[in-house]
Amino acid sequence: QVIKCKAAVLWELNKPFSIEEVEVAPPKAQEVRIKILATGICRSDDHAINGALVMPFPIILGHEAAGVVESVGEGVTSVQPGDKVIPLFVPQCGECRTCISTKGNLCSKSDIGAPSGLMADGTTRFTCKGKAIHHFIGTSTFTEYTVVHETAVAKIPAAAPLEKVCLIGCGFSTGYGAAVQTAKVEPGSTCAVFGLGGVGLSVIMGCKAAGASRIIAVDINKDKFAKAKELGATDCVNPKDFTKPIHEVLMEMTGLGVDYSFEVIGYTETMTAALASCHFNYGVSIIVGVPPAAKKITFDPMLLFSGRTWKGSVFGGWKSKDAVPKLVADYMAKKFVLDPLITHTLPFDKINEGFDLLRKGK
């Protein structure tokens, strides 16, 4: 039956979340209803609040979480009530061209790109005060209960600590995978990481795990440098300390530029700076930060003509349903840490304070 619970509803752009009682409908065929026990705050949620990521309103945001299956719809076979799970904002249907290909991971069933904010059947499972509330990229985790498609949920080991592994639902996997999966960083290579939020720090962890000999962390907030060094950065650079453009600084530091650069902010200016800072002929630059909706990039095509590669990476290039359980198992086997990525733990009704901390760079 319908569950009444608390959710953080965003009624309109640039407004705080409102904690409301919502009704969550039971799962239809091929759907799963999840009790959310831990959710992270990601910059992409903030992009939706301020309109840089265009979404339909009203909406329940959140996409980085972990919980327990409460009930399943007809035909669901991969999970059952009581299973610990992570919702997947990039689903894995296993049938579309991308899912069948070994080259990609952005399933064509995802609600990224031209978001409808609705389930596969064109309806929503959330109502509040008699109004239909939209879903966010197939997950909507800022609620005590949510409904997702079976292709958008991964079963994880029962012993997994949900308040930590929720980060594998987005931030950690996105950054770590950008280094090891999308860029395929090799031992001995040099890397530059622009932006030292949770995802940027996860890129550093991925570069280190891949054996990079030099990892240059770039951020205008010097308070982030200590943690970057703790996780593997060899150098930390603040663009504000220089009069010349940051790509020139990195060129001077490395000779001809880095082998791999990662833009983990979502600004067009830093995307072109990251491209220009990698080696002119065989450098690879990866866009990890979500680009703002209304912005276009103008750049000198000679940057690419000389041989550089410019790539994007969504969810770290991982095929979600396959990779998430393995990443959780790797975490439990202590192959990487997640604790340094957790700065604050707040009760659900303090969600607006959490976003204030995010915006202050804390």
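**Exercises on a predicted model**

The side chain of H134 comes to 3.5 Å from the backbone oxygen of F57. The model used in these exercises is predicted.

**Exercise 1.** Determine where H134 lies and whether H134 is buried or exposed.

*Solution.* Step 1: H134 belongs to the loop that links β7 (131–133) and β8 (145–149). Step 2: the relative accessible area of H134 is 18%. Step 3: buried means under 20%, so H134 is buried. Step 4: with neighbours within four places in sequence set aside, the contacts of H134 are P56, F57, P58, I59, I60, S116, G117, L118, F126 and S140. F57, one of these contacts, also supplies the backbone oxygen reached by the H134 side chain.

**Exercise 2.** Classify the arrangement of α1 and α11 and describe their contact.

*Solution.* Step 1: the axes of α1 (residues 43–50) and α11 (residues 351–359) come within 11 Å and cross at roughly 100 degrees. Step 2: angles of 65 to 115 degrees count as roughly perpendicular, therefore α1 and α11 are roughly perpendicular to each other. Step 3: from α1, R43, D45, D46 and I49 meet F355, L358 and R359 of α11. Step 4: this contact has three nonpolar, no polar and four charged residues.

**Exercise 3.** Classify the arrangement of α4 and α5 and describe their contact.

*Solution.* Step 1: α4 (residues 171–183) and α5 (residues 198–209) pack at about 40 degrees, with axes 7 Å apart. Step 2: α4 and α5 are therefore oblique to each other. Step 3: the crossing of α4 past α5 is right-handed. Step 4: G171, F172, T174, G175, Y176, A179 and V180 in α4 meet residues of α5 including V199, S202 and V203.

Conventions:
Residues numbered from 1 in each chain as written. Predicted model: local features only at pLDDT ≥ 70, side-chain atom pairs only at ≥ 80, totals over all residues. Heavy atoms only, no water. Helix = DSSP H or I, 4+ residues; strand = E, 2+ residues; numbered from the N terminus. Buried < 20%, exposed > 50% of the residue type's maximum accessible area, 1.4 Å probe, protein only. Polar contact = N/O pair within 3.5 Å; in protein donor to acceptor, adjacent residues only side chain to side chain. Contact = heavy atoms within 4.5 Å. Axes fitted to C-alpha atoms, helices over the stretch in contact; angles between N-to-C directions. Parallel < 35°, antiparallel > 145°, perpendicular 65-115°, else oblique. Nonpolar A, V, L, I, M, F, W, Y, C, P; charged D, E, K, R; others polar. Left-handed = near helix turned anticlockwise from the far one by under 90°.
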